[in-house]
Amino acid sequence: MIIDKHVHTHYCPHGSTDPLERYIEQALALNYREISFTEHAPLPKNFIDPTPEKDSAMSLDQMSSYLEDLCRLKTYYSSALKVNIGLEVDFIEGYEKETASFLDEYGPFLDDSILSVHFLWSGKAYYCMDYSEETFEEMIQMFGGLSKVYEAYFSTLKKSIVTDLGKYKPGRIGHITLVEKFKRKFPHEQDLSDYVLPLLDTIADKGYELDYNGAGFTKSLCLDSYPPASIALEAYKRKIPLVYGSDAHSAKGLMQGYQQLERTLLD
Ligand SMILES: [Zn+2]
Ligand SMILES: [Zn+2]
């Protein structure tokens, strides 16, 4: 029986158009017991999405329809599958107030949510770190080297973990090593644990969960989980619950990477 708590929907403008019912039918066929739909939450109004198509997240005017659709599905399928209404919320440095007020407004309607870092501030501009290898290469130049990108990523993650975003702050940290999405093209010398282990201590202190994300196994320049097994084990040792996330953007993407994870570590 599978529990998958990181799934996107057709509300995501960079995902597939698969209807929600198709995800549910696929989940049932795969023997899912529980699923959280965690669409990319609308970005703050005054934040300019740095991606070319500005398609990183759903728009604010779709929120009520998103919540209504999921509410209907949750009830309809309740005897077969536990469906959680959720969001993947971006932590964007400099937009903490906007994010907190969004969570104050919509948090009461959510069963589950994830806090993720996709956008990094270079000092001059924001970049969507996982958008493409070309963007990542540009970031290495703009930030002044690969190590600087890693430092910026992990320092932003740290802020996401310690910043007070109100009582509806998500309780799970998304794909904590997403900076490694293109690691086979841009290998990093320094041991990842130097960055991540202090963060795990803070996550354990705060009582947060970790998204144990299988999507990286499908990315040819990554071929690993977020986080890799050695770090998942460190999280496990610290009693941080590891929660599987397929990060599917289509019904077919459900369960991606699951077989390659250290499944004994799952919560
Ligand atoms: Zn996405
Ligand atoms: Zn994400």
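Residues are numbered from 1 along each chain as its sequence is written, and chains are lettered from A and ligands numbered from 1 in the order in which they are written. Because the model is predicted, local features need pLDDT of at least 70, side-chain atom pairs count only at pLDDT 80 or more, and totals for chains, interfaces and linings use all residues, while side-chain values use heavy atoms, with hydrogens and water left out.

**Aromatic residues**

Let's start with the rings. The structure holds 17 aromatic pairs, where rings of Phe, Tyr and Trp (its six-membered ring) pair if their centres lie within 6.5 Å, and planes under 30 degrees apart count as stacked, over 60 as edge-to-face and the rest as tilted. One of them joins Y76 and Y77, with 5.0 Å from centre to centre and 80° between the planes, an edge-to-face arrangement. Y153 and F154 also pair edge-to-face, because their planes stand at 70° with the centres 5.0 Å apart.

| Residue | Relative accessible area | Class |
|---|---|---|
| Y76 | 66% | exposed |
| Y77 | 10% | buried |
| Y153 | 0% | buried |
| F154 | 5% | buried |

Elsewhere, F47, Y95, F119, W121 and Y126 come together in one aromatic cluster.

**Helix packing**

Two packed helices are described by the angle between their axes and the distance between the axes. Here helices (H or I, at least four residues) and strands (E, at least two) are DSSP runs, numbered from the N terminus. Axes are lines fitted to C-alpha atoms, for helices over the stretch in contact, and angles run from 0 to 180 degrees between N-to-C directions.

Helix 6 (residues 192-206) packs on helix 7 (residues 229-237) at an angle of about 25°, their axes 10 Å apart. Contact, meaning heavy atoms within 4.5 Å, involves L192, V196, L197 and L200 of helix 6 with I231, E234 and A235 of helix 7. By class, these residues are 6 nonpolar, no polar and 1 charged; Ala, Val, Leu, Ile, Met, Phe, Trp, Tyr, Cys and Pro count as nonpolar, Asp, Glu, Lys and Arg as charged, and the others, Gly among them, as polar.

Helix 1 (residues 20-29) and helix 2 (residues 63-76) have axes that come within 11 Å and cross at roughly 35°. Which residues make the contact? L20, E21 and I24 of helix 1 meet D69, L70, R72 and L73 of helix 2, giving 4 nonpolar, no polar and 3 charged residues.

**A buried strand residue**

I114 sits in strand 4 (residues 112-116) and is buried at 0% relative accessibility. Not counting residues up to four places away in sequence, I114 touches several others, including K5, H6, L87, V89 and I173. Its C-alpha atom is separated by 9.2 Å from that of E209, 95 residues apart along the chain.

**Backbone details**

The peptide bond from Y226 to P227 is cis, with omega near -5°, and P227 belongs to the loop between strand 8 (209-213) and helix 7. N31, in the loop between helix 1 and strand 2 (32-40), has a positive phi near 70° although it is a residue other than glycine; N31 is partly exposed at 42%. K54, in the loop between strand 2 and helix 2, also has a positive phi, of about 50°, and is exposed at 52%.

Key: Buried < 20%, exposed > 50% of the residue type's maximum accessible area, 1.4 Å probe, protein only.
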